[in-house]
Amino acid sequence: MSATVTTTKSTSTPGKGNGPASRMSLGKVLLIVAGALIALSVLRALVDAAQQADFDRVTSAGQIGAALSMAVPIGLAGLGGLWSERAGVVNIGLEGMMILGTFFGAWAGYQTNPWVGVLAGVLGGALGGLIHAVATVTFGVDHIISGVAMNILALGATTYLAKRWFEPLADIGGSPKNSPQVDPIQTFTVPGLSDWLADLENHHWFLVSDVAGILGGLVTDISALTVVSVLLVVGSFFALWRTSFGLRLRSCGENPTAAESLGVNVYLYKYAAVVISGGLAGLGGVFLALVRSHIYNEGQTGGRGYIGLAAMLFGNWRPGGLAMGAGLFGYSDALQLRNGGATVHALLLLVALGLAALAVWRIVRKSYVAGAVSGAAAVALLLWYALTDTVPNDLVSATPYIVTLLVMGLASQRLRMPKANNRPYRKGQGT
């Protein structure tokens, strides 16, 4: 048998796709960060002048700390999706794998210690990943169908096991819907620096106090599992983009036939990626159970597996962008929990200014229709902000999901998924 290899000239344009031209320089990233900080400072000053003191929580250490704890499980789920999809397997089952992580993490944690619970939760999520890999890689089941089935299976299995394992423990807090209390994972605060930043924040100086509040939230009462999660994001970048293992794995998601013709065991790499994906999602579930609440509760994932997928798409299948997306979604999630409608009402002004800036940018780029739509949305939000004092509770609870839809709608034009994502592949095609 002979194989004919053809080469085609790339038609990608600079600035699009996943190539080097699409990566922003460090200077641009720093400029965007500086602009966002100044915008937040201006907004806080304006609303403080209008005697709406609640808005100063937007950059407080407490708000940033809450946003970080909300962002970690979303980021871990998104990181799991990145590993899987870089190998060409869509993983809609991240939500189910997170559920497995919450259950097995709490189950093992209350019996032994929280770190054994972390290991059990990761293994539970990895088991879910293995089932998804068997269905999609070995048996060729459609990835979306397998992922949805994984979510249903995980929910049903944990509901059944909770009744069997936790209901008999009613004397120590167990029930069919929750586990007994689990000991917390240790947290740490950077001594000296945290107090100094808190003092700066309390002065309410323009920009300086806002930056101090943001940094203070990153060095005060930080869970050890948060540090592990940050290291996993950095480690994933180096593993996928700086090692031969990562190159082979990504080649399975771009052109598995060519990868196999060069001696890559495509099935093995796909299995490894999906199992790692499940383990990361399971770790996100562990974070919810052992850090956020110290207990397993039925339904506590709350769709964060799906939001993690949105963060992955926002980041264009790259760890850095994924972390930014998780931070944005976690921030909006924390914002609606802290002071409810009044705080989310202030967020309308921030979103309106962002849409106005986007409208100007699109018009400069001669995208007149998109610019007009963004401008109209900005005007509508400004009117909403000016004519109301709060946001209805129903919309407040939906804030993270609305932000997810809005961000995905704005980011969809620049997305470029791995070429072989969700495409059937059978062993032997490259020989």
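In this predicted model, the largest nonpolar core is made up of 58 residues. Those with the most contacts inside this core are Trp83, Phe103, Val118, Ile185, Leu225, Leu249 and Leu290. Two or more residues each come from the helices α2 (61–86), α3 (94–111), α4 (114–138), α5 (143–165), α8 (224–241), α9 (244–254), α11 (266–292) and α12 (304–314). Of these elements, α11 gives the most, with 14 residues.

Phe103 can be followed in detail. Leaving aside residues up to four places away in sequence, Phe103 touches Thr158, Leu161, Ala162, Trp165, Phe166 and Tyr296.

Two of the helices that contribute to the core, α2 and α12, also pack against each other, at an angle of about 65° and with their axes 7 Å apart. The crossing of α2 past α12 is right-handed. On the α2 side, the residues that meet α12 are Met70, Pro73, Ile74, Ala77, Gly78, Gly81, Leu82 and Glu85. Their partners in α12 are Arg304, Gly305, Ile307, Gly308, Leu309, Ala311 and Met312.

Helix α15 spans residues 368–387. Its 20 residues reach 28 Å from the first C-alpha to the last, close to the 28 Å expected at 1.5 Å a residue. The buried residues of α15 are Gly371, Ser374, Ala378, Leu381 and Tyr385. Because they cover an arc of only 95° around the axis, they lie on the same side of α15. An α-helix has 3.6 residues a turn, so residues three or four places apart point the same way. The face of α15 turned away from this buried side carries the exposed residues Tyr368, Val369, Val373 and Leu387.

Notes. Residues numbered from 1 in each chain as written. Predicted model: local features only at pLDDT ≥ 70, side-chain atom pairs only at ≥ 80, totals over all residues. Heavy atoms only, no water. Core = buried A, V, L, I, M, F, W, Y, C linked by side-chain atoms within 4.5 Å. Buried < 20%, exposed > 50% of the residue type's maximum accessible area, 1.4 Å probe, protein only. Helix = DSSP H or I, 4+ residues; strand = E, 2+ residues; numbered from the N terminus. Contact = heavy atoms within 4.5 Å. Expected span 1.5 Å × (residues − 1). Arc of directions from axis to C-beta. Axes fitted to C-alpha atoms, helices over the stretch in contact; angles between N-to-C directions. Left-handed = near helix turned anticlockwise from the far one by under 90°.
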